[in-house]
Amino acid sequence: MNATATVTAVLGPTNTGKTHYAIERMLGHRTGVIGLPLRLLAREVYDRIVASRGPSVVALVTGEERIVPDRAQYWVCTVEAMPLDIGADFVAVDEIQLCADPDRGHVFTDRLLRARGLHETLFMGAETMRPAIAGLIKGVQFLKRERFSELTYTGSKKISRMPERSAIVGFSVENVYAIAELIRRTKGGCAVVMGALSPRTRNAQVALYQNGDVDYLVATDAIGMGLNLDIKHIAFAATSKFDGRRMRTLYPQELAQIAGRAGRHLENGTFGVTGEVRPLDDETVEAIQEHRFDPVRKLEWRNHDLEFGSVDRLIRSLEAPTQNKWLARARDADDVLALKYLCELPEVKAKLTSPQRVRLLWDVCRIPDFRNAAGTEHVTLLARIFDFLTGRGLAQTRIPTDWLQKAIERIDKAGGDIDTISKRLAYIRTWTYVAQRKGWVENESHWRAETRAVEDRLSDALHAALTQRFVDRRTSVLLRRLKQKETLVAEVNDKGEVTVAGEFVGRLEGFRFRQDATTSNEEAATLRQAAFAALKPEFHLRADRFYNAPDTELDFTEQGGLMWGTQAMGKLIKGAEPSRPTVEAFVDEEAGPDVADKVRRRLQHFIDRKVAANFEPLLAMSRDETLTGLARGFAFRLVEGLGVIPRENIANEVKELDQEARGALRKHGVRFGQFTVFLPALLKPAPTRLRLVLWSLWNGLDEFPESPPPGLVTIPNLPAVPKMHYTLAGYHPAGARAIRIDMLERLADILRTKDSRAGFEATPDMLSITGMTLEQFSDLMGGLGYKGEKSERPKLKAAPVPVPVDPDAPVQPIPEGESAFIQPDPEAAPEMESFYTFTWAPKPRPRPERPARAERAPRKEGEAPAAERTPRPDRGPRPDRGPKKEGDAPAAERGPRPERGPRPEGDKGPRRDHGKGGKPHGKRDDRDSKPKTYEQRPPRAEKPIDPDNPFAALMALKAKL
């Protein structure tokens with residue numbers, strides 16, 4: 001650059017004519033190069049200069065397109081493809097504020113530092129770059145340009161009320177397509193512009209909008225970079241985007257870059273938000289309207305002076321730091337990450353035998369990942385291309401023609417939907433980039449033309465698919481005619497609000513239309529008819545979305561309702577079995593039988609899978625064909641009880657089960673507790689919540705009990721709540737609270753080891769299991785049949801600690817009357833502690849009503865009158881035998897008790913003695929008067945001890961003694 005060359009920074013907001021100014025300045029020189037941020041914008045500028053000077057002197061160079069005539073004077077390029085060594089008189093770089101971009105910023109910073117024209121250099125961008133440019137470039141001149149028109153914020157607007165000539169901006173393909181589909185149904189159609197589109201497709205879509213075929217444009221932030229369109233209003237459908245690493249909120253200057261597309265040249269524009277986007281805050285709005293933003297403090301930078309002596313030296317040069325305060329080393333871009341991955345592959349490392357091979361590997365790594373391939377798919381393709389280019393010898397070879405031909409033929413298919421064609425376009429862009437590299441393919445001109453032709457065919461197919469999906473020309477014309485005749489037209493917004501002629505008429509809740517009650521009878525029928533005419537496609541679209549929605553979006557309420565998000569979709573009704581409920585869908589008749597059937601089937605699939613997932617152990621037990629006899633019947637009872645049954649309800653069935661049957665049931669997770677028989681896996685919060693709903697359905701309750709919050713060991717025992725509700729919720733009522741079933745069984749295991757006749761105290765383990773204080777535990781034990789007596793005693797203290805004595809120190813005599821230990825104060829009152837002694841004291845069982853005196857059976861011969869019988873002395877509680885039966889004789893009259901053998905397995909109830917003393921319930925036995933006979937029998941076979949027996953621990957201890 002000669003001494004008279006100038007460097008000028010043209011700074012200002014959008015719609016200031018910066019790009020136009022740069023083109024005019026370039027055409028004033030003999031030669032020039034202009035770098036632009038997007039391939040789309042480069043093509044637009046190329047077409048403008050060609051129209052002015054002719055194609056023979058204008059070159060277009062991008063990553064995927066290269067048009068270079070022999071007498072090229074003006075080069076239009078993307079910033080990455082700018083030639084820096086051709087000695088042009090003029091050099092310009094547009095959107096220079098992208099120096100701060102985390103992904104591409106290092107490229108723009110390199111052009112800011114090194115791209116210079118022989119006579120003039122221009123950098124166009126935002127005013128935020130002024131301090132950085134002044135700090136990095138000596139002698140730079142600044143030219144500030146003011147916006148030609150004004151921007152005004154209009155707040156939030158519904159898409160259905162969006163004014164004509166509006167552009168709605170989203171930041172993902174899914175969001176753009178959803179908005180475009182909504183506009184097609186409500187407005188007749190729209191054009192779609194995204195950065196991933198080819199220039200040919202983008203130009204065709206823009207033509208739809210510019211020609212007036214559609215009045216709406218849906219785009220990504222690609223429209224923020226220099227696309228000059230006739231837009232009056234910009235609406236943001238989102239204010240956050242994924243930047244390649246994370247989701248983040250857009251900065252005010254990024255919002256301003258997009259909002260500035262509204263009101264081109266001298267026509268004022270407006271901007272706002274739509275959909276679920278929260279209105280912009282006042283500070284952001286003011287910054288956008290006044291074009292005042294925080295200046296850029298750091299520019300992304302990467303060393304350009306690369307060393308290719310070895311791959312390690314190349315990586316070190318790429319990671320070289322900078323000492324400039326305005327620069328910050330950029331994070332590793334995709335090309336550096338690909339280089340680090342490939343150089344570790346043995347087959348690649350073996351071929352890096354010269355600096356030329358290292359440079360070639362770096363050029364291969366710079367192939368962009370147009371497909372955004374997941375995992376290692378892209379680097380695998382790069383390794384394949386490098387292998388082709390290196391071959392077997394030392395010289396560089398080329399990609400095989402037949403292999404490249406097959407790869408392109410697989411892509412060259414114009415059929416398919418929008419996503420399929422878009423993926424093919426991304427693939428062909430890769431081969432278009434490869435074909436542009438010199439020396440990589442045979443017959444370069446042929447493959448450049450071939451890949452360009454395939455891209456054009458796919459671009460036309462994509463434009464046709466976009467138009468077919470998002471532009472309904474007939475509907476657009478029909479809506480205009482209806483509007484002219486003032487015919488009522490119904491609209492549905494994203495919140496389910498239905499409007500006719502702009503007036504609210506009701507809401508769409510799920511698949512049911514709730515008409516506004518304020519409408520008069522005369523207009524209600526007309527409004528309803530118009531509303532359902534608009535709702536019919538909405539019903540089908542919503543049914544498709546609902547049918548394809550994942551189960552995570554669906555749920556059931558504790559009253560049996562079925563929800564999709566916050567919308568009620570149906571309810572559960574009683575089925576053939578407790579675990580097989582059916583569903584009733586909430587769908588209006590006007591939606592049609594197809595929609596109703598689709599909704600019903602989706603709801604049934606959801607609840608069937610929910611039951612199968614939560615009750616999997618229970619259902620597996622019901623399907624187990626190895627369970628036979630009593631075990632199978634018991635399993636059926638558990639299935640009926642949904643995995644939880646009070647033991648007192650099935651005491652006889654439990655006794656009848658032998659050990660083999662119990663073992664078979666235990667394999668399925670069944671636990672025979674002292675109070676409850678249950679499957680521990682079904683006590684989790686999700687199965688518990690579902691069990692309460694299914695049991696309530698089966699029993700026809702009007703109001704279903706709600707499950708307690710998860711994680712609580714005890715809950716209040718409310719008198720108004722039936723005991724069975726607590727059992728189904730996984731709790732056992734005892735005293736003022738109900739304790740969780742599994743914790744109660746753990747407590748019962750500890751209580752079996754205690755002497756409940758002599759009494760025992762509560763241990764820390766008992767209190768830890770229940771999570772209660774001593775007083776609360778006493779109330780709980782009272783509910784379980786124990787009596788607690790509260791007492792006090794002096795609190796035990798640790799033994800006194802002797803004073804340490806140094807063995808080397810001389811022994812000092814202890815004064816008379818003193819001790820080596822700390823003596824307690826004899827006058828101080830001892831510290832007392834409370835404790836409870838628990839003994840077994842169950843409540844007496846209710847006796848049957850005694851018959852009237854005239855109906856009583858006659859007294860047997862030799863039996864004393866009731867008044868003369870000796871009263872039974874109070875012998876205290878019998879924890880191992882249950883309450884004393886009516887008719888038992890006093891202990892003094894029964895005589896010595898014969899030795900009894902071990903109790904039968906499975907017998908956990910109180911032990912009964914049917915010898916002398918009579919049967920329970922006061923019935924006398926005539927066998928008392930008969931002579932007793934004795935005979936010798938072989939010893940009874942020992943059976944293994946049932947671990948679920950409440951006295952298993954005592955029986956095991958007896959066996960050891």
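Which residues does arginine 602 touch, not counting residues up to four places away in sequence? Contact here means heavy atoms within 4.5 Å, and by that criterion arginine 602 touches Phe546, Tyr547, Ala549, Pro550, Asp551, Leu554 and Arg609. The structure is a predicted model, in which local features need pLDDT of at least 70 and side-chain atom pairs count only at pLDDT 80 or more, while totals for chains, interfaces and linings use all residues. Residues are numbered from 1 along each chain as its sequence is written, and side-chain values use heavy atoms, with hydrogens and water left out.

Arginine 602 sits in helix 19 (residues 593-614); helices (H or I, at least four residues) and strands (E, at least two) are DSSP runs, numbered from the N terminus. Its relative accessibility is 3%, so arginine 602 counts as buried; buried means under 20% relative accessible area, exposed over 50%, and partly exposed in between (1.4 Å probe, protein chains only). A polar atom of the arginine 602 side chain lies 3.2 Å from the backbone oxygen of tyrosine 547.

Turning to the whole chain, there are 30 helices and 35 strands, and 45% of the 961 residues count as buried. Among contacts with a separation of 6 or more, 67% join residues 24 or more positions apart.

A nonpolar core is a set of buried Ala, Val, Leu, Ile, Met, Phe, Trp, Tyr and Cys residues joined through side-chain atoms within 4.5 Å. The largest such core has 70 residues, and Leu339, Leu342, Trp362 and Trp431 touch the most other members. A second, separate core of 63 residues includes Val595, Ala661, Val677 and Tyr726. Leaving aside neighbours within four places in sequence, leucine 339 is in contact with Val311, Leu314, Ile315, Leu318, Leu361, Trp362 and Cys365.

What about the cysteines? With a disulfide taken as a pair of cysteine sulfur atoms within 2.5 Å, the count comes to zero. Cysteine 343 is in no disulfide, and the nearest cysteine sulfur, that of cysteine 365, is 8.3 Å away. Cysteine 343 counts as buried because its relative accessibility is 5%, and cysteine 190 is likewise buried, at 1%.

Just after helix 6, glycine 212 takes a positive phi of about 90°.

Most residues other than glycine have a negative phi. Asparagine 443, however, has a positive phi near 50° and lies in the loop between helix 15 (418-436) and helix 16 (444-470). Leucine 642 also has a positive phi, near 55°, in the loop between helix 21 (629-640) and strand 27 (644-646). Asparagine 443 is partly exposed, at 49% relative accessible area, whereas leucine 642 is buried, at 0% relative accessibility.

Notes:
Polar contact = N/O pair within 3.5 Å; in protein donor to acceptor, adjacent residues only side chain to side chain.
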